Amino acid sequence: MSRTIYSARAEALTAFGQQALPLTGLDGRERCAALHAVSGGWRVGRIFRGTHNNVILPTLLLALCSLFSGPAELAHTHPCCACHAGEVFSGRRRAPGQKAMPGDALVPGLGRLRAICLVAPSGTMLRMDKSGRVEPLGRLTDSDGRPMRLTRRCSSRFHGQLPVMKDPVAKKRSHSPLP
């Protein structure tokens, strides 16, 4: 966890976004971290990498940790691609008559996570509490105050990609000479 204490939630979310959004733009994978309410402000936790479509496993880990570390909020990014409604929370209704899946709305209330925050590809920062109320928290800027956003769509090679661990033993076997 960062030792820096930010005086406001939006400042902590900006610090998270300045690090996580460029990483999401590079590999098309969502990022997340816990924003911890501490005496005098907010701290940003370790940033975790998820898959192209979600940060479910890191979110569950952070929810479990929040039971011991105290109340927190989950901050996350969305990649810029056609398969995401990246500017809104996942699972929210996109048009009248469309069924809304729970998605991001399930996070507030897991463990001691009180809310979920989103840094969208356009740099818009949003917060959703347990009641489903969405609050705008401003626009992401770099350290010089210039607006930050993802400028290119991610490649389709990321769609539906799950994390894969490479077997180092298999690689060694494939390069060894046959007896």
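Because six of the six residues of β6 are buried, the strand is largely enclosed by the rest of the structure.

Residues are numbered from 1 along each chain as its sequence is written, and side-chain values use heavy atoms, with hydrogens and water left out. As the model is predicted, local features need pLDDT of at least 70 and side-chain atom pairs count only at pLDDT 80 or more, whereas totals for chains, interfaces and linings use all residues.

The protein chain contains three helices and seven strands. Helices (H or I, at least four residues) and strands (E, at least two) are DSSP runs, numbered from the N terminus. Read from the N terminus, the order of elements is α-β-β-β-α-β-β-β-β-α. Of the 179 residues in the protein chain, 42% are buried. Contacts, defined by heavy atoms within 4.5 Å, were considered between residues at least 6 apart in sequence; 64% of these join residues at least 24 apart.

Cysteine residues were examined for disulfides, a disulfide being a pair of cysteine sulfur atoms within 2.5 Å. The count by this rule is zero. C80 is buried at 17% relative accessibility, and C81 is likewise buried, with a relative accessible area of 5%.

Helix α1 spans residues 9-27 and has 19 residues. Its reach from the first C-alpha to the last is 27 Å, close to the 27 Å expected at 1.5 Å a residue; the expected span is 1.5 Å times one less than the number of residues. A bend of about 35° occurs in α1 at G17, the bend being the angle between axes fitted to the seven residues ending there and the seven starting there. G17 is also one of the buried residues of α1, which include A12, L13, F16, A20 and L21. After α1 comes G28, which has a positive phi near 70°.

The segment before α1 contains I5, a residue that is partly exposed at 39% relative accessibility. I5 and G40 are 35 residues apart in sequence, yet their C-alpha atoms are 7.3 Å apart in space. Residues up to four places away in sequence aside, I5 touches V38, S39, G40, G41, W42 and R43.

G40 itself lies in the turn of the hairpin formed by β1 and β2, where two residues separate the strands, and has a positive phi of about 90°. Strand β2 (residues 41-44) runs antiparallel to β1 and is joined to β1 by four bridges; two strands pair if DSSP finds at least two bridges between them. Within this pair, W42 in β2 is the bridge partner of A37. Strand β1 (residues 31-38) also contains H36, which is buried with a relative accessible area of 14%. The C-alpha atoms of H36 and A12 are 9.1 Å apart, although the two residues are 24 apart in sequence.

Strand β6 (residues 124-129) pairs with two strands, β5 and β7. Strand β5 (residues 113-119) runs antiparallel to β6, with five bridges between them, and I116 stands opposite M128 in β6. The hairpin of β5 and β6 has four residues between its strands, including G123 in the turn, with a positive phi of about 95°. Five bridges likewise join β6 to strand β7 (residues 134-139), again in an antiparallel arrangement. Bridge partners in β7 are P136 for L126 and V134 for M128. Four residues lie between the strands of the β6 and β7 hairpin, in which G132 takes a positive phi near 90°.

Definitions and conventions
Buried < 20%, exposed > 50% of the residue type's maximum accessible area, 1.4 Å probe, protein only.
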